[in-house]
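I opened this notebook to record what I looked up in one structure. The entries follow the order in which I consulted it.

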Amino acid sequence: MKLLIASDLHGSAFYCEKLMDRIQAETPDRILLLGDLLYHGPRNDLPQGYAPKQVIPMLSSLAPKVLAVRGNCEAEVDQMVLPFPCMADYATIEPEPGVVLYTTHGHLWNPDQLPPLAPGTVFLYGHTHVKEARYVGEILTLNPGSVSIPKDGSHSYMVYEDRTFVCKTLDGAVLFAEKAP
């Protein structure tokens, strides 16, 4: 199974369109959205191309493939306008036997405060807007960075395929790769 993992779109139609181009190029089986989809939040400046009403139909077109979790900027109204569930604090997915992904936004659970997880689980989160791959004990923690408001210089997403996570910029350049445990 091929997954595309993205976080922190924050209502930017400009960057959501770039992500849609990457989704078309990558042809994932599923799309994991790690929260903060429509609203920019009170701590962030408006991202380039801030237009949540334009982001809604783009994300809605992906509904059958989407697994989304709630970010700290999601509100009940977001669930009213999006045709896929987006208000769960976490979700798990097993893209292939022996690989368990725990997905969350990162504001409740994060690498410094992990939920109880079985050894070998992969913990995927967003929230910090900073790309990361590191182990916390036997748990691989991964952050794809931010699609629209990166705090580390490059707009990014992640792809999972054949037990490997690859972090890429929105133009498709590879930043790093990490094997699943």
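**Entry 1: a charged pair**

I began with E26 and K168, whose side chains meet in a salt bridge at 2.8 Å, N to O. I counted as a salt bridge a side-chain nitrogen of Lys or Arg within 4 Å of a carboxyl oxygen of Asp or Glu. E26 belongs to helix α1 (residues 13-26) and K168 to strand β10 (residues 164-169), so the pair ties together parts that are 142 residues apart in sequence. Helices (H or I, at least four residues) and strands (E, at least two) are DSSP runs, numbered from the N terminus. I found both E26 and K168 buried. For this I took buried as under 20% relative accessible area, exposed as over 50% and partly exposed as in between, with a 1.4 Å probe and protein chains only.

I note the basis of these entries: the model is predicted, local features need pLDDT of at least 70, side-chain atom pairs count only at pLDDT 80 or more, and totals for chains, interfaces and linings use all residues. Residues are numbered from 1 along each chain as its sequence is written, and side-chain values use heavy atoms, with hydrogens and water left out.

**Entry 2: further salt bridges**

How many salt bridges does a search of the whole structure find? I recorded seven. Side chains of opposite charge can pair when their charged atoms come close.

I next looked up D152 and K131, which form a salt bridge at 2.7 Å, N to O. D152 sits in the loop between β8 (139-144) and β9 (156-161), and K131 in strand β7 (residues 131-136), so this pair ties together parts that are 21 residues apart in sequence. D152 is partly exposed at 32% relative accessibility, whereas K131 is buried at 15%.

I then turned to R134 and E132, whose side chains meet in a salt bridge at 3.0 Å, N to O. R134 is partly exposed, with a relative accessible area of 31%. E132 is also partly exposed, at 23%.

Finally, I noted that K2, R22, E26 and K168 are linked in a network of salt bridges.

**Entry 3: helix α1**

I returned to α1, the helix that holds E26. α1 has 14 residues and reaches 19 Å from its first C-alpha to its last, close to the 20 Å expected at 1.5 Å a residue. The expected span is 1.5 Å times one less than the number of residues in the helix.

Which residues of α1 are buried? I listed A13, Y15, C16, L19, M20, R22, I23 and E26. Seen down the axis of α1, these fall within an arc of 165°, so they line one face of the helix. The arc is that of the directions from the helix axis to the C-beta atoms. The face turned away from the buried side carries the exposed residues Q24 and A25.

I found that β1, β2, α2, β9 and β10 are among what covers the buried residues of α1. T27 follows the helix, with a positive phi near 45°.

**Entry 4: nonpolar cores**

I looked up the largest nonpolar core and found 29 residues, with L19, L33, L37, L59, L82 and F84 having the most contacts inside it. A nonpolar core is a set of buried Ala, Val, Leu, Ile, Met, Phe, Trp, Tyr and Cys residues joined through side-chain atoms within 4.5 Å. β1 (3-6), α1, β2 (30-33), α2 (52-60), β3 (66-68) and β9 each supply at least two residues of this core. α1 gives the most, with six residues.

I checked L33 and found that it touches A6, L59, V66, L67, A68, V69 and F84, not counting residues up to four places away in sequence; contact means heavy atoms within 4.5 Å.

**Entry 5: aromatic pairs**

I counted rings of Phe, Tyr and Trp (its six-membered ring) as paired if their centres lie within 6.5 Å; planes under 30 degrees apart count as stacked, over 60 as edge-to-face and the rest as tilted. The count by this rule is five aromatic pairs.

The ring centres of Y102 and F123 lie 5.7 Å apart with planes at 15°, so the pair is stacked. Y102 is in strand β5 (residues 99-104) and F123 in strand β6 (residues 122-124), 21 residues apart. Y102 is buried at 7% relative accessibility, and F123 is buried at 0%.

Y160 and F165 form a tilted pair, 4.8 Å centre to centre with 50° between the planes. Y160 is buried, with a relative accessible area of 0%, and F165 is buried at 0%.
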